[in-house]
Amino acid sequence: MARPIVYDVTHLVFRMAAKAMTGIDRIDLAYGRHFATVTSERVLGAFCALREPHVMTAATLDQIVRQVQRASWEDADIATDASFARVRNWLYGKHLARERRQLVTPRLGTRNEVAARLWRLRSRARRAQRAIPRDAIYLNIAEHWLEYHHYFDWIGIRPDVQAVFFVHDLLPFDYPEYFRPGYEAVFRRRFETIAKHGTAFIVSTNVVRDRLREALTDWRKADAPIHVAPLPSPLNLGDAKTAAAELPEHPYFVLVSTVEPRKNHLLVLNVWRDLAALLGDATPRLVLVGSRGWENEQVIDMLDRCDAVTKHVLRTSRISRHGLTWLIKHAQALLMPSFDEGYGLPLVEALSLRTPVIASDIPTFREVTRGCALLLSPIDGVAWREAVMSYARRAAPAWQLAKAKTRPFRAPDWEGYFRRLDAFLTGLP
């Protein structure tokens, strides 16, 4: 790695105060792990500041990554994962008090604790008095604070620095109705930073690459280098810590996603209400893994107040990657009914574990699953209900075929992913 790499850790530090890690958090953490372990003095960390970032050594970057890992509880042993234990007990049929069906999860750190970490981090960076090295590559993965242009104006006066941004998707432009009111304007400001200062870009699918080139046309950057790299599973599938007691007799499905309109939880919950009316106690269970997002009042009301749903559906948000691996591995199928996505990490996680997938028939999912999943219209509730019913028994021909359909899937691995990324960064002019 000939040129200095300056990895922006601002997002990682602030996510210590989050309730649970999202897909972007896990990707950012994976990047942080990679660069923190690169044995080179050319790798540095950066934290946003008004005039230019506070720059830190690779040792400090490694320390931050380790703190995030500890705070995130990602690596908790499955035997000590209380959230997973409660979900597993529920799947085994053990009674949970109704008011505790929706698992309450603490934050990864209080705001005061995070503020203290930030103060110590800034103090160390100021004392070091480092600047962005000449001819460096500045790498921003999580799009954090990009709407605040003044934090990134320094790039404009450093023509020797290449700014590389990971663009996860441009969905706020295409579907503003699925996001918080006013978020489209925020995202537009973020994209202005990306388009103005970015000299190269990273995306996870060809679908996003094509949409990004279209958006960059107005900035005369449609020919800028774009590295297309499908993301590996963050669950670390080579880890053997996923063994647990015998599997539950009652079949269950799993849906992994933040509860927000674009993820289409309402379709699945209405399917489960229909199944409860048809099957009664034989209704398969459903585990929702994800934090509350926004504009989800109908979904939360169904989870809290619809008896037909609350009997068969459980939501949790904070769970270790070992616990999540167990849940996905032993589910009848992973469900992902999103209206649109930039990638779809849960699909990769499930197919890597040879768990059948039922997902939306959208261009991104067609690219990611490569013919190894059942894809249905995200508005066809009847088709989703029939698919769930046909996958509810492992002896059923439909489930057997779905299981066989997962075998050709080959997920990218992190070692190869970062080897290709390093080659892309090294090859930038």
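# A guided look at a predicted protein chain

The mean pLDDT of this protein chain is 87, and 87% of its residues reach 70 or more; pLDDT is the predictor's confidence in each residue, from 0 to 100. This is a predicted model, in which local features need pLDDT of at least 70 and side-chain atom pairs count only at pLDDT 80 or more, while totals for chains, interfaces and linings use all residues. Residues are numbered from 1 along each chain as its sequence is written, and side-chain values use heavy atoms, with hydrogens and water left out.

Trainee: What is the strand order of the open sheet of six strands?

Mentor: Helices (H or I, at least four residues) and strands (E, at least two) are DSSP runs, numbered from the N terminus. Two strands pair if DSSP finds at least two bridges between them. In this open sheet the pairing is parallel, and the order is S10-S9-S8-S11-S12-S13.

Trainee: Why is one side of strand S10 and of strand S13 left without a neighbour in the sheet?

Mentor: Strand S10 covers 313–316 and strand S13 covers 374–376. Neighbouring strands of this sheet are turned by 20° against each other on average, direction ignored.

Trainee: Which residue of S13 is the bridge partner of Ala359?

Mentor: Strand S12 (residues 357–360) runs parallel to S13, and three bridges join them. In S13, the partner of Ala359 is Leu375.

Trainee: What angle does the direction of helix H10 make with that of S9?

Mentor: Axes are lines fitted to C-alpha atoms, for helices over the stretch in contact, and angles run from 0 to 180 degrees between N-to-C directions. Helix H10 (residues 265–279) packs on the sheet and touches strand S8 (252–256), strand S9 (285–289), S10 and strand S11 (334–336). With the direction of S9, that of H10 makes about 160°.

Trainee: How many residues of strand S2 are buried?

Mentor: Buried means under 20% relative accessible area, exposed over 50%, and partly exposed in between (1.4 Å probe, protein chains only). Val43, Gly45 and Phe47 point one way from S2, Leu44 and Ala46 point the other way, and all are buried. For S2 (residues 43–47), the count is five of five.

Trainee: Which residue of S3 is the bridge partner of Gly45?

Mentor: On one side, strand S1 (residues 5–8) pairs with S2 in the parallel sense over four bridges, and Ile5 stands opposite Val43. Strand S3 (residues 54–56) runs antiparallel to S2, joined by three bridges, and a hairpin of six residues links S2 to S3. In S3, Gly45 has as its partner Met56.

Trainee: Why is strand S5 largely enclosed by the rest of the structure?

Mentor: Gln162, Val164 and Phe166 point one way from S5, while Ala163 and Phe165 point the other way. Strand S4 (residues 137–140) runs parallel to S5 over four bridges, and S6 (residues 198–203) is also joined to S5 by four parallel bridges. S5 (residues 162–166) is largely enclosed because its buried residues number five of five.

Trainee: Which elements do the buried residues of helix H14 pack against?

Mentor: Eight of the eight residues of H14 (residues 345–352) are buried. Just after H14, Arg354 takes a positive phi of about 60°. The buried residues of H14 pack against helix H2 (23–37), S8, helix H13 (321–329), S11, S12 and helix H15 (363–369).

Trainee: Is Ile328 buried or exposed?

Mentor: Ile328 lies in helix H13. Beyond its neighbours within four places in sequence, its contacts include Leu235, Val254, Glu349 and Ala350. Ile328 and Leu255 are 73 residues apart in sequence and 8.9 Å apart in space, C-alpha to C-alpha. With a relative accessibility of 0%, Ile328 counts as buried.

Methods
Contact means heavy atoms within 4.5 Å.
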